[in-house]
Each structure stands twice: as C-alpha cells, then as structure tokens.
Amino acid sequence: MTPSPERPKSHLFYQTRRRRPVLDQARGVYLWDVDGKRYLDGSSGAMVCNIGHSNERVLEAMRRQMEKSTFGYRLHFETEPAEKLAAKAAELAPKGMERAFFVSGGSEAVESAIKLARQYAVTQGEGLRWKVISRFPSYHGATLGALAVTGYTPMTAPFEAMMRPMPKIPAPRAYLDGLDPHDPATGAHYAAMLERKILEEGPETVLAFIVEPVGGASTGALVPPAGYMQAIREICSRYGVLLIHDEVMSGGGRTGKFFAGEHWNVDPDILVVSKGFAAGYAPLGAMMAQDRIVDAVLDDGGFIHGYTYAGNPLACAAGLAVLEEIERSGLMANATAIGALLKARLQGLMQRFPFVGDVRGEGLLLAFELVSDRATMTPFPASLGLYDKLVEIAYSKGLIIYSRRTRGGYAGDHFLVCPPMIATEAHVDEIIEMLTLSLAELEAEIGPLLDR
Ligand code: PMP
C-alpha cells in the first residue's frame with residue numbers, strides 16, 4: 001500500500017516504515033478506510049474482535065461506565081465492573097479457579113502466570129524450580145519474560161543474551177511429520193518429548209509447561225493430536241510441573257468453547273486469556289489459577305506483582321458486556337457452525353490450488369498453509385515472501401487475513417482466516433470468493449516455480 005503523496009509524515013512508529021490506510025470506521029465484520037474502501041475483517045484484527053465491531057450493547061455499557069468513572073486505582077478502590085467480570089470469569093473457568101487477576105494484554109497475562117507459578121513454588125519450598133518449558137514454534141508475548149518462553153526465532157534472536165534460556169520441545173505438528181493426528185499414538189509420541197525434556201532438565205528444576213491449546217499465529221491454528229492434551233496434563237501432574245494454558249488467542253469462544261482446553265476436558269493449573277476477552281473494545285486480559293496456588297501465594301505475604309491499569313473499570317465493563325453478548329447471541333454455537341462451513345470451503349480450495357497444502361483449526365480459529373509440494377509438505381523459499389504477498393493481494397481486494405512466517409526450523413507460509421464469531425454464510429461466501437481471486441493471482445506469479 002503506497003501512501004498517497006500528500007499524506008503527512010507520521011510521528012508514530014511500530015515495527016516497520018510501512019504505511020497503512022487510515023481507518024475511518026468499523027461495523028460488524030467490516031472496516032472502512034478514510035477513502036471509503038471497505039474491508040472484510042477476515043482475521044478479526046489479530047484474532048481479537050470476536051464479537052464484531054461497534055456492538056451497540058457493548059458501547060452502551062461502556063458509555064454508562066464512562067459516566068461513572070474511568071479509573072479507580074486497585075490499591076485504593078474495588079470497582080463493580082472488575083468484581084462482576086471476575087465472578088463471570090470464575091463461572092467460565094475450570095472448576096477450582098475462583099479468582100481472576102486482570103491485566104491489559106496477552107504478554108502481561110503470560111508474565112503474570114510465570115511469576116505466580118514461581119512464587120507458588122517458592123512458598124512450597126521448591127525454590128529450585130524456575131524453568132518454564134514451552135514449544136517450538138510458539139508465541140507467548142513480546143516482553144522479556146514472555147519472550148523467553150516464546151519459540152519464534154525472528155522475534156527472540158536479538159534478545160537472547162538478555163534472557164535466561166528456557167527449554168523447548170517441538171510443537172506436535174503431525175501434518176509435517178507424516179503422522180496421523182487422529183491416532184492416539186501420535187499424541188503419545190509428542191507428549192513423550194515433554195517427559196524426556198523434564199527428565200533431561202531435572203524434574204526438581206522444572207517450574208511449568210506453557211502451551212497454546214489450539215495454536216495461534218506461530219503454528220497457524222495447530223490442533224493437538226489425539227490424546228496429547230490429556231497426556232501432557234498427566235505428565236505435568238506426575239512431576240509437580242504446573243501446566244499453563246495460554247488461551248490469549250484460543251480463549252474467548254472462538255473455537256466453539258469459551259476455553260479451548262475444554263475440548264479435551266483438561267484443566268490447567270494456570271490459564272491466561274486476553275484478545276477475545278474484551279474483543280478489542282478495551283485492552284484487557286486475565287490470568288486465573290487454581291485456588292490452592294492463589295491462596296498459597298496470598299497467605300505467604302501476597303503476590304509480588306501488579307500493573308497500574310489492572311482491573312480498569314472501563315475495560316472491565318467492556319469485558320463483561322462482551323461476555324454477556326457471547327452468551328446472549330449464542331456466538332460460540334455460531335463459531336462452531338460457521339467455522340465448520342468455512343473450514344470445508346477452505347478445504348475445497350485445496351482441490352483448485354495444489355499449493356494449498358493444509359487446512360486446519362477448530363471453530364473459527366482456522367488456517368491454511370502454502371507448500372511447493374503437498375506430498376512432502378515442502379515450503380516455498382523464504383525469499384519469495386509469500387506470507388506477505390498473499391496478505392497484500394487479499395488486502396487490495398478488500399479481505400484481511402493474517403500471516404506470520406515461522407522461520408528457524410520449518411519455514412512455512414500459513415494464513416489465519418478467523419472472522420468475527422457473528423459471521424454468516426454470506427460472509428463465508430464473500431471470504432472464499434476474495435480468497436479464490438487472491439490465490440489465483442498468486443498462482444500466476446508463482447506458476448513457473450510450481451512447474452519445476
Ligand atoms: N500469547 C498468545 C498465544 C498470543 O497469540 C499473543 C498475541 N498474539 C500473546 C500471548 C501476546 O499478547 P499481546 O500481544 O496482547 O501482548
């Protein structure tokens with residue numbers, strides 16, 4: 001997207017110099033830029049805007065709260081929205097998790113989980129435990145603690161000298177390893193890697209294992225193989241390792257359950273949620289833990305951790321209204337039904353385009369992956385930058401999808417297709433239509449490569 005010449009210099013900066021269209025307004029599943037161009041939000045931002053944009057009931061709840069107060073410092077006041085939201089979160093969370101710790105986003109939630117785990121271990125006389133095992137690839141956040149458990153080399157490399165190295169095991173990408181994800185032996189195969197890593201590190205030094213129940217940007221909606229989630233739960237319990245479910249992206253209903261861990265009936269010791277929790281209406285996240293963990297830390301002098309904006313009443317009022325909207329409008333059931341339809345239609349694209357190598361995901365947390373050879377799942381050369389190219393082609397046609405290249409280890413181009421949970425069949429048609437045109441355009445570009 002080239003900025004128009006008259007566009008003023010920006011005094012903002014993010015990752016790159018790339019300019020983007022200026023957002024004017026957003027309604028439902030659509031966004032409009034200031035030039036009047038319409039975009040279908042096929043990725044709900046970064047898998048955030050789960051209930052769609054500008055929901056009137058949420059806006060009204062926020063207006064009501066704004067009239068009362070927009071800030072109450074947690075060490076001075078309790079607030080009604082924070083209390084109500086925590087009670088609602090306890091209702092939705094696994095049994096035994098009665099309290100929530102509020103933060104402003106996913107990275108803060110992961111930091112909080114790691115620090116609570118560590119403080120709990122110390123209260124238990126297990127101060128030797130500090131290692132947090134995670135998977136490669138994975139994404140758990142950009143702050144240094146969350147980055148240390150992130151398995152994503154392009155984001156971690158420059159900072160490695162500043163972080164304590166944390167052990168990693170491979171994510172269970174059965175589709176790449178030629179294994180059947182429905183065979184429980186596959187789940188057992190990948191779970192055994194966790195046990196071996198715990199033994200290799202010394203179980204007395206391992207604090208926690210952090211996992212995205214359904215993968216996000218790093219693995220492209222990776223659904224674990226049969227038996228995996230139950231097996232890692234059992235292994236963690238056996239070695240006194242705390243199991244942390246990172247539901248920053250998978251939580252909030254997008255997979256058809258409020259927490260994706262529910263698909264496998266496993267309860268973590270600690271869980272974090274953020275993006276869909278207030279669905280983009282306010283920066284908000286939560287960390288929840290089993291009562292025995294929270295009580296042990298609070299009884300031992302308190303949790304040595306906190307953020308200024310924790311429990312912000314306006315953010316909590318938004319979060320509460322979002323959760324009410326999900327229930328009221330049956331959005332999780334819609335995510336299941338429309339997700340199944342969208343997945344089937346994406347699978348249909350595999351017939352038309354041989355370079356679409358895999359379609360995966362659960363509910364409306366879906367992704368497809370491009371490969372130069374489907375039989376061997378060989379990725380395209382990184383230098384082609386297809387992950388970026390296809391996103392830009394789709395963007396020019398008015399469809400937003402999300403990609404992130406996973407370099408280091410396997411290099412794959414995968415794309416998340418995750419519209420808001422209010423999406424209808426007509427929106428699915430529209431997404432597939434624009435995606436088909438976009439893939440055809442990409443095919444014309446990469447055709448010579450495919451013939452070789
Ligand atoms: N964990 C997961 C699974 C995520 O997907 C993300 C964000 N993509 C984070 C943590 C970090 O969240 P945030 O960007 O809000 O800090």
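How many of the 5 residues of strand β10 (residues 285-289) are buried? The count is 5 of 5, so β10 is largely enclosed by the rest of the structure. Keep in mind that this is a predicted model. The protein averages a pLDDT of 95, and the model scores ipTM 0.99 and pTM 0.97. Here's a quick tour, starting with that buried strand.

- Strand β4 (residues 100-103) pairs with β10 in the antiparallel sense, over 4 bridges. If you want to find the spot, look for V103, whose bridge partner in β10 is G285.
- Strand β9 (residues 270-273) also runs antiparallel to β10, and 4 bridges join the two. Here I270 has A289 of β10 as its bridge partner.

**The ligand's surroundings**
- The ligand has 16 residues around it, and the closest are G105, G106, S107, G216 and V248.
- Helix α4 (residues 106-123) gives the largest share of this shell, with 3 residues.
- Sorted by class, the shell holds 7 nonpolar and 7 polar residues, plus 2 charged ones.

**The four-stranded sheet**
- There's also an open sheet of 4 strands, in the order β1-β2-β3-β13, and its pairing is mixed.
- The edges belong to β1 (23-27) and β13 (399-400). Each of these has a single partner strand, so one side of each is left without a neighbour in the sheet.
- For β13, strand β3 (residues 38-41) pairs with it in the parallel sense over 2 bridges. Within that pairing, L40 stands opposite L399 of β13.

**Helix α13**
- Helix α13 (residues 331-352) runs for 22 residues and reaches 31 Å from its first C-alpha to its last. That's close to the 32 Å expected at 1.5 Å a residue.
- Its buried residues include L331, M332, A335, I338, L342 and L346. K343 and R345 are on the buried list too, along with N334 and G339.

**How confident is the prediction?**
- Across the protein, 97% of the residues score a pLDDT of at least 70.
- Confidence is lowest in helix α6 (residues 153-156), at a mean of 87. Strand β7 (residues 206-211) has the highest, at 99.

How values were computed:
Residues are numbered from 1 along each chain as its sequence is written. This is a predicted model: local features need pLDDT of at least 70, side-chain atom pairs count only at pLDDT 80 or more; totals for chains, interfaces and linings use all residues. A residue is near a molecule or strand if its C-beta atom, placed from the backbone, lies within 6 Å of it. Ala, Val, Leu, Ile, Met, Phe, Trp, Tyr, Cys and Pro count as nonpolar, Asp, Glu, Lys and Arg as charged, and the others, Gly among them, as polar. The expected span of a helix is 1.5 Å times one less than its number of residues. A residue is buried if 20 or more other C-beta atoms lie within 10 Å of its own, exposed if 12 or fewer, and partly exposed in between; C-beta atoms are placed from the backbone. Two strands pair if DSSP finds at least two bridges between them. pLDDT is the predictor's confidence in each residue, from 0 to 100.
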